[in-house]
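Trainee: Please show me how to read this model, one feature at a time.

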Amino acid sequence: MAEANEDYIIKVEHLNKHFKVDKEELEVLRDINLEIKEGEFITIVGHSGCGKSTLLKIICGLVSYEDGEVIRNGHKVVGPGPNCGMVFQDHRLLPWLKIKDNVGFGLDHLTKEEKAITVQNHIDLVGLHGFENSYPSQLSGGMSQRAAIARGLANNPNILLLDEPFGALDALTRIQMQKEILRIQKEQKTTMVMVTHDIDEAIVLGNRIVVMSARPGEIKEIIKVSSAARKRNSIDFSQVKKKIYEYLFEESEQEIETDYII
Amino acid sequence: MKVLKTIALGIIVPIAIFILWFWATETGRVATSLLPTLSMVKKAFIDMTSSGQLQKDLLISIQRVLKGFLFAALLGIALGTIMGMFSPIRAMLEPFITTIRQIPMIAWFPLIVLWFGIGEISKVIIIVLAAFFPVLVNTLSGVIQTPEGYLEVAKLYKLSKFKTFTKLYLPHAIPQILVGLKLGLSVSWMAVVAAELVAATSGIGFRMNDARSMMRSDKVIICMLVIGIVGILMDKIVSLLFGYLTPWQKVGQKK
């Protein structure tokens, strides 16, 4: 069993997920199969409400699952663990803690000195040097997200899950943050899985892009991205973008066509 | 300039009242046994403070408030937090507490006097009853309003129930707990005066009633003023505590 999973740091097999909303069963994820290798950067794109965030939370262990199997670091996922960090869209820094305490939030098992060093290293890593004693309300959106990434990485997890981390940022800050996260991934060699609804972002960051259909969420296609395609404005980039577009909007475009015929 | 204007606007009404008062008493239109002259009030104040009687009464009342209030605050914060964190306990206690809360503090008097007499203990119990509910209700609402997203962070880092309390629920609820404490302190100050008016042999409320029975309206007015001023001071002290306990809110406001 362990041998079979050696290559894959995350393995999702035949995962189905239902939610009960007002006594009605809602199918969120259908037959998800996904294998992620160590050091990969996977991006997941899909319409809002397609269950991509749920998938991420299941991998993280924040949401339980009944049907299928999810394996993380060679073990069945039963809950959150220190080897898997998570960054949320709304940074979720605690407003009453200074940045250094937010970054060190999950580090209570370390000694005071170890904690201080780890926190400082990660604050430096995300470029927030000098803001250790600020409160989150004093930081801009981009800086808050940097702090959230530092918190997610502080435990030195080998997996970092990112749930639309740059979704609330303005376009310029977002591009800057994308560069930052690529640099951090190169430095830390962390396996990253990022959910996004920004197709450009998915291509620039992902080694592979998982395209999901609307509810119930199914994996439509997994697209490998060459390093050439990861450059914005390259021809390869446009081709990949077009491909994703087609996957995401094939249904709605058909609808528009029929409208014209009528 | 703006501050001066605010102050100027704020003192118009008190000054008008004083002028009216002065005019009504000095011209003899109102009997001084009902409304004393300003100079009589001033003299009564000097008499009461130089004999040390006012300070003594005030101290007794404040001590009663502190005893009752501190107890009520601890009880209210503890129970409010427990109810907020454990929904079955909340479901069990909330209807009962909501019902009990409708009974005015004064309506507890007869029963408490019956049970505990008119000694110290009954006054403290009245204060506890008065201050407990505002603290409890505000703590509870502060705790249950802790955003789901923050709790998910606690889950992510596998925080124990106690750590979740100290790192999430409590700091999130502090602003509202302080609102509850402020309300609680002000009602306990009212409660002690009311209790002393009804049944007591010492304290500022007793002194006021005593002065009334001797037709000393000047002394009654002094007591009323002192009660008002002490109330404001207590409120200010809690506000100071507020700023000290929630430094993150101060920086948020500055921005």
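Trainee: Why does A:Ile222 count as partly exposed?

Mentor: Buried means under 20% relative accessible area, exposed over 50%, and partly exposed in between (1.4 Å probe, protein chains only). A:Ile222 counts as partly exposed because its relative accessibility is 31%. This is a predicted model: local features need pLDDT of at least 70, side-chain atom pairs count only at pLDDT 80 or more, and totals for chains, interfaces and linings use all residues. Residues are numbered from 1 along each chain as its sequence is written, chains are lettered from A and ligands numbered from 1 in the order in which they are written, and side-chain values use heavy atoms, with hydrogens and water left out.

Trainee: Where is A:Ile222 found, and which residues is A:Ile222 in contact with?

Mentor: A:Ile222 sits in strand S10 (residues 219-224) of chain A. Strands (E, at least two residues) and helices (H or I, at least four) are DSSP runs, numbered from the N terminus. Contact means heavy atoms within 4.5 Å. Neighbours within four places in sequence aside, A:Ile222 contacts A:Asn33, A:Leu34, A:Arg208, A:Ile209 and A:Val210. A:Val211 is eleven residues from A:Ile222 in sequence, and the two are 6.1 Å apart in space, C-alpha to C-alpha.

Trainee: What order do the strands of the open sheet have?

Mentor: Two strands pair if DSSP finds at least two bridges between them. Here four strands of chain A form an open sheet in the order S2-S1-S4-S5, with antiparallel pairing. Strand S2 (24-37) and strand S5 (75-76) are the edges, each pairing on one side only. Inside the order, S1 (residues 8-21) and S4 (residues 67-72) of chain A are joined by five bridges. Take one position: A:Asn16 faces A:Asp67 in S4(A).

Trainee: Next, a helix. Is H7 of chain B mostly covered or uncovered?

Mentor: Mostly covered: of the nine residues in H7 (148-156) of chain B, seven are buried. They are B:Gly149, B:Tyr150, B:Leu151, B:Glu152, B:Val153, B:Ala154 and B:Leu156. After H7(B) comes B:Lys158, with a positive phi near 50°.

Trainee: Which residues touch the most other members of the largest nonpolar core?

Mentor: A nonpolar core is a set of buried Ala, Val, Leu, Ile, Met, Phe, Trp, Tyr and Cys residues joined through side-chain atoms within 4.5 Å. The largest has 99 residues, and A:Leu15, A:Leu161, B:Trp189 and B:Ile204 touch the most other members. Helix H8 (residues 161-198) of chain B gives the most, 14 residues. Another core of 43 residues lies apart, with A:Ile149 and A:Phe237 among them. Look at B:Ile204: beyond four places in sequence, its contacts include B:Leu54, B:Trp189, B:Val193 and B:Ile227.

Trainee: How many cavities of 30 Å³ or more are there?

Mentor: Three. On a 1 Å grid over the protein atoms alone, a cavity is a set of points where a 1.4 Å probe fits but cannot get out; lining residues have an atom within 4 Å of a point.

Technical notes:
1 Å grid on protein atoms, 1.4 Å probe; cavity = no way out; pocket = protein on both sides within 12 Å on 5 of 7 lines; lining within 4 Å. Points joined across faces, edges and corners; volume = space filled by probe spheres on them.
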